[in-house]
Amino acid sequence: MVRDLLRITLLGSSNTTAARGFPGFDPARDIPSLQDKVVLITGAAGGLGRQTAVEIARHGRPRRLYLADLPRDQVASEALLREIKEEAYGAEDAAAVTDPSSLFFLDLDLQSFESVRNCAARFAADNEQLHLLILNAGVLRMAPALTTEGYEFHFGINYLGHALLSRLLLPVLLRTAANKPKKDVRVVVISSEGHTMAPKAGVEYDKIKTDCAHLMYLKRYGQSKLALIGLMKQLSREHPQITTIAVHPGRIVTGLAQGLWKESNIARWTKGIAPLLCVPVSKGIQNHLWAATSPDVVSGTYYEPVGIPGTLSPTAQEEVFSKKLREWTDEALKEIAPL
Ligand SMILES: NC(=O)c1ccc[n+]([C@@H]2O[C@H](COP(=O)([O-])OP(=O)(O)OC[C@H]3O[C@@H](n4cnc5c(N)ncnc54)[C@H](OP(=O)(O)O)[C@@H]3O)[C@@H](O)[C@H]2O)c1
């Protein structure tokens, strides 16, 4: 635990390798055209999600790109779509920037089952296909809190909200994968090296419907990120026709760090050295982009630096962990998403 804390807080283990990137991976050159794809990214207004959306839009203009994030008014969501299109296509390409049929904003509050269900229903109403689902949204905060349904805040948003969303979108993913000729269908799960900070039990199921104030915030975050690896393993095991992978994006100064600077003294004190330990967003998203597009990914794998299998905690390696998580999740979601 102490060793992992030091590794994560001081050494930023994967940052130097993430900065170098997967040998030979050059997003500009290696991302194929995504022209016919339908893509959905959660947390797509945040640091990594937004830039991933720009890069994906830039590569062949996917048929439809959905940005799902916390609800905002129409002016704000349209401004976000316009900014992304301008960055991807160039502000001078007026036809592309004003085209209303390629980029869409979806309201999604992962802490509410109802919001997740509405988001999935809105997507499914307009789409027969989904080629790429990036489960990217995430929170890291210190103050203990509960989600709408009463789950620990990090677990409820980072894991359970995404588990529900992927469950509701699974029929469309499977339908897309069943197409002939065979389509490349992927789920990319944004986890973290912080999964190694999870409590000893992995997930404390008996306390998960409390704010888990007995755990330090890094453990609460770690628990949720460990569970995301369990979700990745379960999807990969049960649905081999879909490629499912998890990544740690490196350490990048985004909204996540800005939130911590507000709440944590240690984070504020070490703010000055953050640029030394972090990579820029353009490097951080290489993990997202590689996992989303490379032919070299192996389903069921967690990657830490770009393209290199990461060090899974002992719990994450146990098959029994993802099986138990699956059983617990089936029970928790049985009313909102019966199997
Ligand atoms: N940055 C890093 O160093 C780092 C390291 C390891 C893993 N990660 C992971 O990378 C992913 C992206 O994080 P980031 O660094 O880009 O942070 P970020 O800038 O804070 O982006 C996170 C996004 O998730 C959204 N979000 C928060 N709560 C949500 C909810 N209840 N429902 C739907 N969306 C919600 C945020 O919206 P608001 O901004 O409106 O709150 C934001 O757009 C996260 O899963 C994070 O855990 C990041």
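Helices (H or I, at least four residues) and strands (E, at least two) are taken here as DSSP runs, numbered from the N terminus. The structure is a predicted model, in which local features need pLDDT of at least 70 and side-chain atom pairs count only at pLDDT 80 or more, whereas totals for chains, interfaces and linings use all residues. Residues are numbered from 1 along each chain as its sequence is written, and side-chain values use heavy atoms, with hydrogens and water left out.

Within helix α8, Phe 155 and Tyr 159 are four residues apart and are therefore separated by about one helical turn. Their rings form an aromatic pair, tilted, with 5.1 Å from centre to centre and 45° between the planes; rings of Phe, Tyr and Trp (its six-membered ring) are paired if their centres lie within 6.5 Å, and planes under 30 degrees apart count as stacked, over 60 as edge-to-face and the rest as tilted. Phe 155 counts as buried because its relative accessibility is 0%, and Tyr 159, at 1%, counts as buried too, where buried means under 20% relative accessible area, exposed over 50% and partly exposed in between (1.4 Å probe, protein chains only).

In the whole structure, eight aromatic pairs are found. One of these pairs is made by Tyr 151 and Trp 328, whose ring centres lie 5.8 Å apart with planes at 85°, so that the arrangement is edge-to-face. Through ring pairs, Phe 113, Tyr 151, Phe 155, Tyr 159, Tyr 205 and Trp 328 are linked into a cluster. A charge is taken to sit over a ring if NZ of Lys or CZ of Arg is within 6 Å of the ring centre and within 35 degrees of the ring normal. By this criterion Lys 324 lies over the face of Tyr 205, at 4.5 Å from the ring centre, and Arg 141 over the face of Phe 153, at 4.6 Å.

Seven strands form an open sheet in the order β3-β2-β1-β4-β5-β6-β7, with parallel pairing; two strands are paired if DSSP finds at least two bridges between them. At the edges stand β3 and β7 (302–303), each with a single partner strand, so one side of each is left without a neighbour in the sheet. Strand β1 (residues 38–42) has five of its five residues buried and is therefore largely enclosed by the rest of the structure.

Two or more lining residues come from each of β2 (64–69), α5 (74–89), α6 (94–98), β3 (103–107) and α7 (113–126), and α5 gives the most, with seven residues. The lining comprises nine nonpolar, three polar and ten charged residues, with Ala, Val, Leu, Ile, Met, Phe, Trp, Tyr, Cys and Pro counted as nonpolar, Asp, Glu, Lys and Arg as charged, and the others, Gly among them, as polar.

Several backbone features are found in loops. The peptide bond from Lys 180 to Pro 181 is cis, with omega near -5°, and Pro 181 lies in the loop between α8 and β5 (186–190). Arg 61, a residue other than glycine, has a positive phi near 50°; Arg 61 is located in the loop between α4 (47–58) and β2 and, at 39% relative accessibility, counts as partly exposed. Cys 212, also not a glycine, has a positive phi of about 50° and is found in the loop between β5 and α9 (217–238), where Cys 212 counts as buried at 0% relative accessibility.
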